[in-house]
Amino acid sequence: MHSSEAGPPAAPGDALPAVAPQLRALRRRASLTLEAAARDAGLSPAHLSRLETGQRQPSLPTLLSLARTYGTTVSELLGESGADRDAVVRAADMESTAAGGWTYWQAGAAGRGMQALRVRVPHGSQGDIVRVHPGEEWLYVLKGRLRLRLGETLHRLAPGDSAHFDSLTPHRIEAQDPDGVELLFVHTLLQSPTATLCLGPTHGDAT
C-alpha cells in the first residue's frame, strides 16, 4: 500500500499552528500509539511524527484520513471548537486554509458528521493521488473544468456539473485547465480501521 504523504515542509508563517498539537492530542484521546495511528491512516510513523511536531504541513487528503482514523472532523483537527455550532456560515466568516497545494474554506458548521468545503484545486496539484475510503462524497463544479476518475472511468465535469459517489470506489480529482478548478465538496466522516488508502499514481490516463 502506498500512502499519501504529500505536503510541503512547514515554514515560518506557512504552517497551520493548531494542527501539530491537536493531532497529537486527538491521537492520545483515541488511545492509539503513533505506529497504530499511522497504519490506520495509511501513513508512515515517521511522517505522522513530523506532522505532530510541526515539521510537515498536512495535505487535505491526509487531514481527511486522520479525521476518519480519530473519529472526528477536519475542523477539530484544525483546532476549531464545535461547541457553538451555527446553522449558517457567512461568506465573510469563511477563512481560507492552504494544505497540500489546495485552498479550502469551511462551508459548513464545525463538529458535524458531514463536512462541507469550498475547494480550489490548482492545475497539477495532487493529480496522481487515488483515494479509497468508507463513506460518500458529493462535489459540484463552480468554476473551471475537472477530471474525475471513478474506478476505470474518466469523467470530465464543467461548471454546473456534479458527482455523488461511494468513496470506496477508487477516485481521483484533478483540474483540467491551467487556471485550476473551484468546487463545492461534501463528504461523510466515518471512523474505520481502513481509513483512507492512497493507492498512488495510475498510468495511461486520457488527457
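Predicted model: local features only at pLDDT ≥ 70, side-chain atom pairs only at ≥ 80, totals over all residues.
**The open sheet**

Six strands form an open sheet, and reading across it their order is E1-E2-E3-E10-E5-E8, with antiparallel pairing. Strand E1 (96-99) and strand E8 (162-166) stand at the edges, and because each has a single partner strand, one side of each is left without a neighbour in the sheet. Neighbouring strands of this sheet are turned against each other by 25° on average, when direction is ignored. At the E1 end, E1 pairs with strand E2 (residues 102-106) in the antiparallel sense over 4 bridges, and within E2 the residue that stands opposite Thr97 is Tyr104.

**Helix H4 and Leu60**

Helix H4 (residues 60-70) lies across E1, E2, strand E3 (114-121) and strand E10 (181-188), and the helix runs at about 10° to E10. Is H4 enclosed by the rest of the structure or left open? Of its 11 residues, 11 are buried, so the helix is largely enclosed by the rest of the structure. Just after H4, Gly71 takes a positive phi of about 65°.

Leu60, which belongs to H4, has a relative accessibility of 0% and therefore counts as buried, since the cut-off for buried is under 20%. Leaving aside neighbours within four places in sequence, Leu60 is in contact with Ala99, Trp102, Tyr104 and Leu117. The C-alpha atoms of Leu60 and Thr103 are separated by 8.9 Å, although these two residues are 43 residues apart along the chain.

**Strand E9 and its partner E6**

Strand E9 (residues 171-175) has 5 of its 5 residues buried, so this strand is also largely enclosed by the rest of the structure. Both faces of E9 are covered, with His171, Ile173 and Ala175 buried on one side and Arg172 and Glu174 buried on the other. Strand E6 (residues 146-150) pairs with E9 in the antiparallel sense over 5 bridges, and in this pairing Leu146 stands opposite Ala175. Arg147 is found in E6, and the C-alpha atoms of Arg147 and Asp177, which are 30 residues apart along the chain, are separated by 9.6 Å.

**Glu137 and His171**

Glu137 is found in strand E5 (residues 136-143), one of the strands of the open sheet. Which side chain does the side chain of Glu137 meet in a polar contact? The partner is the side chain of His171, at 3.1 Å, and His171 is itself one of the buried residues of E9. Not counting residues up to four places away in sequence, Glu137 touches a list of residues that includes Arg131, His164, Phe165, Phe185 and His187.

| Residue | Relative accessibility |
|---|---|
| Leu60 | 0%, buried |
| Glu137 | 1%, buried |
| Arg147 | 12%, buried |

Terms used:
Residues numbered from 1 in each chain as written. Heavy atoms only, no water. Buried < 20%, exposed > 50% of the residue type's maximum accessible area, 1.4 Å probe, protein only. Helix = DSSP H or I, 4+ residues; strand = E, 2+ residues; numbered from the N terminus. Pairing = 2+ DSSP bridges. Contact = heavy atoms within 4.5 Å. Polar contact = N/O pair within 3.5 Å; in protein donor to acceptor, adjacent residues only side chain to side chain. Axes fitted to C-alpha atoms, helices over the stretch in contact; angles between N-to-C directions.
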